[in-house]
Amino acid sequence: MSIINCIEKFKKHKRELYTTPSHGQGCFVAPDSLKLLGKKIFTCDFSEIEGFDNLANPKGVIKSAQDFAAKVYDSKATFFLVNGSTSGIIAAMYSVLKRGDKVLIARNCHKSVYNGLVLTGAIPVWIMPKYNSDWAIFETINLDYLEEMLSRNRDIKAFIMTNPTYEGVMSDIYRISSVCKKYNVKLIVDEAHGSLWNFHKSLGTPALIQGADIVVQSLHKTAGALNPSALLHINRDSDIAPKDVQNSLNLITTTSPSYPILVNIESTIKYLSSQKGKFYLFDVIKNINRMLRNLKAIPNLEVYSYNNDISKILVKVTNMTGFELSDILFEQYGIEDELANEKSVLFLAGLGTTKVKLKKLEKALFDLCSKNIKISQNSPDYNSYIPTEPRVRYIPSLIWGKPYKEIELKYALSRVCMEVICDYPPGVPVLLPGEVIKKEHIYYLSDRQKIKVLS
Ligand SMILES: Cc1ncc(COP(=O)(O)O)c(C=O)c1O
């Protein structure tokens with residue numbers, strides 16, 4: 001039986017529950033919540049009652065739903081995550097790394113990888129992807145550089161990378177996974193932004209098909225599910241045991257998973273793998289592609305189109321920083337983007353991005369670009385930052401909890417940073433605790449007064 005059927009069955013044959021959660025499936029809802037949320041979501045919120053299941057050791061409806069998902073994704077095992085890709089990334093690290101193991105990490109990783117480093121005690125070796133300063137984004141990892149890093153560090157146990165990047169840039173995972181296999185290195189791919197890829201071949205190729213050992217996807221990012229639903233998949237051909245991943249997930253996952261999230265994960269996968277879902281997704285893709293074609297014809301507007309996922313619409317306008325473009329769109333057109341940097345602006349399109357919404361954005365960009373507002377001459381000079389290879393003085397697990405003090409940024413050169421410094425989004429670290437502060441960092445961070453450093 002599916003989770004969906006299980007909840008429907010409960011509703012038909014109502015039982016008196018003297019269990020958690022104590023709202024009693026909506027018998028009590030705090031008045032403001034009732035106004036905002038209604039009762040319905042509470043009527044779907046349960047614990048491990050008779051007929052339901054245990055996410056930490058699934059044997060019933062959650063197992064069936066996860067097995068169904070494994071079939072859809074053609075994985076050895078698929079796990080439902082109720083705490084986002086963040087928990088999937090940490091669990092993936094716990095599954096393949098022990099304290100003191102070396103792990104190669106692409107520097108454009110999400111900050112959850114840092115959390116995984118603190119918790120597992122693994123030692124990071126950083127690899128810098130190519131940086132495109134015209135757009136202020138990371139692109140792909142050079143394969144020769146990857147091979148060089150792995151051949152120089154034969155004790156590396158795993159490689160963690162993000163694909164696609166936050167801005168949608170896609171790497172050749174097939175070739176990357178071949179290099180990893182050659183050096184007996186497990187490949188973990190953070191595919192948080194690629195959760196639609198399994199459902200239409202005109203999108204990116206899922207890392208699972210291309211040989212990654214573990215793939216983590218956020219269903220809430222582009223696939224239209226509730227925050228923070230996500231999935232972790234193990235590749236069929238990987239020797240990673242599902243029970244090891246389950247144990248790792250149990251270390252960091254709540255014992256009271258949200259059934260509204262679980263049922264939403266199940267129904268999103270069910271819908272996307274159905275004929276109806278495929279038609280719906282095809283329509284969304286068609287609309288985005290049409291809009292992209294139209295955007296490319298707008299004077300003074302450039303659309304990023306180097307091997308990127310179409311759900312990420314990255315643009316820049318002549319004589320305007322990304323921050324300025326973002327401000328104008330927000331203030332004059334009521335349009336809010338996903339992120340802006342000194343060069344470009346990113347719009348996220350997913351299952352909820354209707355044709356009408358796309359048209360509004362297209363019209364706003366057309367209008368704004370026809371006016372060709374020249375702003376940059378008078379605007380502040382944003383500090384361009386070219387990310388540099390981090391200089392790690394202390395590994396994350398050893399520096400965690402050590403005493404720190406706050407000093408003025410201008411005196412911080414060569415001191416050891418004690419904060420996670422990253423713009424959010426995209427959550428890519430600029431500086432991490434244990435790393436040496438360089439002059440490039442001081443320049444980039446100059447709009448802040450203080451920084452935490454090791455005492
Ligand atoms: C590349 C990447 N990985 C992982 C995450 C974390 O995902 P979640 O919010 O599902 O925990 C994010 C979130 O922004 C992300 O952008």
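At 26% relative accessibility, arginine 448 counts as partly exposed. Buried here means under 20% relative accessible area, exposed over 50%, and partly exposed in between (1.4 Å probe, protein chains only). The model is predicted: local features need pLDDT of at least 70, side-chain atom pairs count only at pLDDT 80 or more, and totals for chains, interfaces and linings use all residues. Residues are numbered from 1 along each chain as its sequence is written, and side-chain values use heavy atoms, with hydrogens and water left out.

Arginine 448 meets glutamate 419 in a salt bridge (3.0 Å, N to O). A salt bridge is a side-chain nitrogen of Lys or Arg within 4 Å of a carboxyl oxygen of Asp or Glu. Arginine 448 lies in the loop between helix 15 (439–444) and strand 17 (450–454), and glutamate 419 in the loop between strand 14 (404–408) and strand 15 (421–423), so the pair ties together parts 29 residues apart in sequence. Helices (H or I, at least four residues) and strands (E, at least two) are DSSP runs, numbered from the N terminus. Glutamate 419 is buried, at 14% relative accessibility.

The structure holds 14 salt bridges. One of them joins aspartate 74 to arginine 236, with the closest N and O atoms 2.7 Å apart. This pair links distant parts of the chain, 162 residues apart. Aspartate 74 sits in the loop between helix 4 and strand 1 (77–81), arginine 236 in the loop between strand 9 (230–234) and helix 9 (242–252). Aspartate 74 is partly exposed at 46%. Arginine 236 is partly exposed at 48%.

Aromatic pairs number nine. Rings of Phe, Tyr and Trp (its six-membered ring) pair if their centres lie within 6.5 Å; planes under 30 degrees apart count as stacked, over 60 as edge-to-face and the rest as tilted. Phenylalanine 10 and phenylalanine 52 pair edge-to-face, at 6.2 Å centre to centre and 85° between the planes. Phenylalanine 10 belongs to helix 1 (residues 3–12) and phenylalanine 52 to the loop between helix 3 and helix 4 (61–73), so the pair ties together parts 42 residues apart in sequence. Phenylalanine 10 is buried at 4% relative accessibility. Phenylalanine 52 is buried at 10%.

Phenylalanine 46 and tyrosine 259 also form an edge-to-face pair, at 6.3 Å and 85°. Phenylalanine 46 is in the loop between helix 3 and helix 4, tyrosine 259 in helix 10 (residues 259–272), 213 residues apart. Both are buried. Phe10, Phe46, Phe52 and Tyr259 form one aromatic cluster.
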